[in-house]
Amino acid sequence: MFHTRIAGTGSYLPERVLSNFDLEKLVDTNDQWIRERTGIERRHMAAPGESTSDLAFKASQRALEAAKISANELDMIIFATISGDQMMPATACYLHDKLGCKQIPAFDLAAACSGFLYGLSIADQFIRTGMYKNILVVGAEVLHNFMDYKDRETCILFGDAAGAFVVSRAEVGDKNVIMSSHLKAEGSLAELLVVPGGGSVKPPSLDSLNAGDMFVKMKGREIYKNAVRVMSQCAQEALEHNKVKIEDVAWLVPHQANTRIMEAVADHFDFPKDRVINIVAEMGNTSSATVPVAFDTAVRDGRIQRGQIILITVFGAGLTSGSLLLRY
Ligand code: UT7
């Protein structure tokens, strides 16, 4: 049995910025409300013509550079997204082409905000069995196209971003590896966060488009309550499974949906808030991209160091959730 190490991380935020003050001009909201209820100050927006795979390409190049390997050495691409370039083919294939990879498998993974962690877990299984050595896991979204800028409960939350990890087979005896991952879904809660249109239930049509079926619809309060519950549960499971105490965790990297949610999870464990990686002010909720972007930011600014124990915990539409414990 082999183990998986995080060989390199990268991220990319598009240049265009939409601040809380910009949103005040679009919907009945204000900077103070958004900051107090969510912690968000601004979000980034892809430029017209800038696709999800374009964002992912930039993040992936940075991750490959950090891992000191070329795209040629990759054995697989796993691309977590709910806002890919097109319905078909997989956005992973466009990224595959941009990177100039060999004939390796490349596929998209739809687990919403939990997608990146689901992807890391899948990559870990392929590396543990010895099947592959180097896997690129990406979380990237261009969500602003799915926002209804008349709905103040959703349009203030989401932004565009990409993050990527290169994960590789660890040397024998290397302790800096993924310890375990724990994935869940509760389909009975699927209706809390949806994009209803564009699929087999409400196929693409002018009527459906005019009805706003392509926009994100959310029951925010319900999501909030369940998010704190499932993220805490999953984090607990990872700690217990590895017999690791919360005091031994250097950094908690939660899904960056809302500062209050992240702090409620930290409070559940009596975990110091200054050891929670929280960059939601800068980018809002970028779904599958939040974890790799937050993680990469903390690696590059020196907070996350090799040898530290890191606990990742996430939730997303579905209602999916999961956790992953690693020694970086
Ligand atoms: O990746 C998962 C994605 N989803 C989430 O993470 C969402 C999780 N939920 C949340 O983050 C919070 O529930 C929200 C930030 C969406 C809302 O915060 P809340 O504290 O749950 O507020 P609320 O929905 O209970 O609304 C409180 C008030 C309401 O007014 P009334 O009925 O008290 O008069 C809302 O109409 O705030 C009003 N409100 C707003 N006011 C100003 C809702 N949105 C806004 C807004 N600006 N943007």
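Entry 1, the pocket lining. I began with the elements and found that H7 gives the most to the lining of the second largest pocket, with four residues. I note here that the model is a predicted one. Besides H7, the elements that each supply at least two residues of this lining are H2, H8 and strand S12, which I located at 309–316. I then looked up the volume of the second largest pocket, which comes to about 480 Å³. Its lining consists of 22 residues, and I listed Leu157, Met218, Gly220, Arg221 and Asn258 as the closest to its centre. Sorted by class, that lining holds twelve nonpolar, five polar and five charged residues.

Which pocket does the ligand sit in? I find the ligand in the second largest pocket. The elements that contribute two or more residues to the shell around the ligand are helix H2 at 31–38, helix H7 at 220–242 and helix H8 at 259–268. H7 gives the most to this shell as well as to the pocket lining, with four residues in the shell and four in the lining. I count 23 residues around the ligand, of which the closest are Thr29, Arg37, Arg152, Asn258 and Asn285. By class, the shell divides into eleven nonpolar, six polar and six charged residues.

In the side chain of Arg37, an N or O atom is 2.8 Å from an oxygen atom of the ligand. For His255, I recorded a distance of 3.0 Å between an N or O atom of the side chain and an oxygen atom of the ligand. As for the surface, the ligand taken alone exposes 950 Å², and the protein buries 78% of that.

How does the lining of the largest pocket divide by class, and how many of its residues are charged? I find 20 nonpolar and eleven polar residues in that lining, together with three charged ones.

How values were computed. Residues are numbered from 1 along each chain as its sequence is written. This is a predicted model: local features need pLDDT of at least 70, side-chain atom pairs count only at pLDDT 80 or more; totals for chains, interfaces and linings use all residues. Side-chain values use heavy atoms; hydrogens and water are left out. A residue is near a molecule or strand if one of its heavy atoms lies within 4 Å of it. A polar contact is a pair of N or O atoms within 3.5 Å; within protein, one must be able to donate a hydrogen and the other to accept it, and residues adjacent in sequence count only if both atoms are side-chain atoms. Accessible areas come from the Shrake-Rupley method with a 1.4 Å probe; for residues, only the protein chains shown count as cover. On a 1 Å grid over the protein atoms alone, a cavity is a set of points where a 1.4 Å probe fits but cannot get out, and a pocket is an open set with protein on both sides within 12 Å along at least five of seven lines; lining residues have an atom within 4 Å of a point. A molecule sits in a cavity or pocket if more than half of its atoms lie within 2 Å of its grid points. Ala, Val, Leu, Ile, Met, Phe, Trp, Tyr, Cys and Pro count as nonpolar, Asp, Glu, Lys and Arg as charged, and the others, Gly among them, as polar. Grid points are joined across faces, edges and corners, and a volume is the space filled by probe spheres set on the points.
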